[in-house]
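Have the sequence and the structure open as you read.

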Amino acid sequence: MSQVEFEMACASLKQLKGPLSDQEKLLVYSFYKQATQGDCNIPVPPATDVRAKAKWEAWNVNKGMSKMDAMRIYIAKVEELKKNEAG
């Protein structure tokens with residue numbers, strides 16, 4: 001598992017043609033943030049900011065996960081999305 005593989009997965013994600021569901025976007029976002037920044041370190045957004053709150057909650061679920069584990073899961077998820085698109 002390397003930084004290069006992670007960066008390649010990030011680039012691959014941007015090249016997917018099909019739209020991702022909101023749930024898929026949140027999942028990928030949460031592992032990206034955990035891999036690049038570690039545990040969620042921002043205050044909870046107000047409930048009125050639905051999008052920001054959903055992103056915060058998705059990221060915060062991964063609290064305590066190592067950056068390497070998050071990278072591994074992120075790469076696997078991107079590979080799964082690529083297979084689904086090709087399928």
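## Length and faces of α1

Helix α1 has 13 residues, which at 1.5 Å a residue should span 18 Å; its end C-alpha atoms are 19 Å apart, which agrees. The expected span is 1.5 Å times one less than the number of residues, and helices here are DSSP runs (H or I, at least four residues), numbered from the N terminus. This is a predicted model, in which local features need pLDDT of at least 70 and side-chain atom pairs count only at pLDDT 80 or more, while totals for chains, interfaces and linings use all residues. Residues are numbered from 1 along each chain as its sequence is written, and side-chain values use heavy atoms, leaving out hydrogens and water.

Which residues of α1 are buried? They are F6, A9, C10, S12 and L13, where buried means under 20% relative accessible area and exposed over 50% (1.4 Å probe, protein chains only). These residues cover an arc of only 165° around the axis, so they lie on the same side of α1; the arc is that of the directions from the helix axis to the C-beta atoms. On the face turned away from that side sit the exposed V4, M8, K14 and Q15.

The buried residues of α1 pack against α2 (22-37) and α4 (67-86), with contact meaning heavy atoms within 4.5 Å. S12 counts as buried because its relative accessibility is 16%. Leaving aside residues up to four places away in sequence, S12 touches V78 and K82.

## Cysteines

C10 is buried at 13% relative accessibility, and C40 at 12%. A disulfide needs a pair of cysteine sulfur atoms within 2.5 Å, and the count comes to 0 disulfides.

Technical notes
Helices (H or I, at least four residues) and strands (E, at least two) are DSSP runs, numbered from the N terminus.
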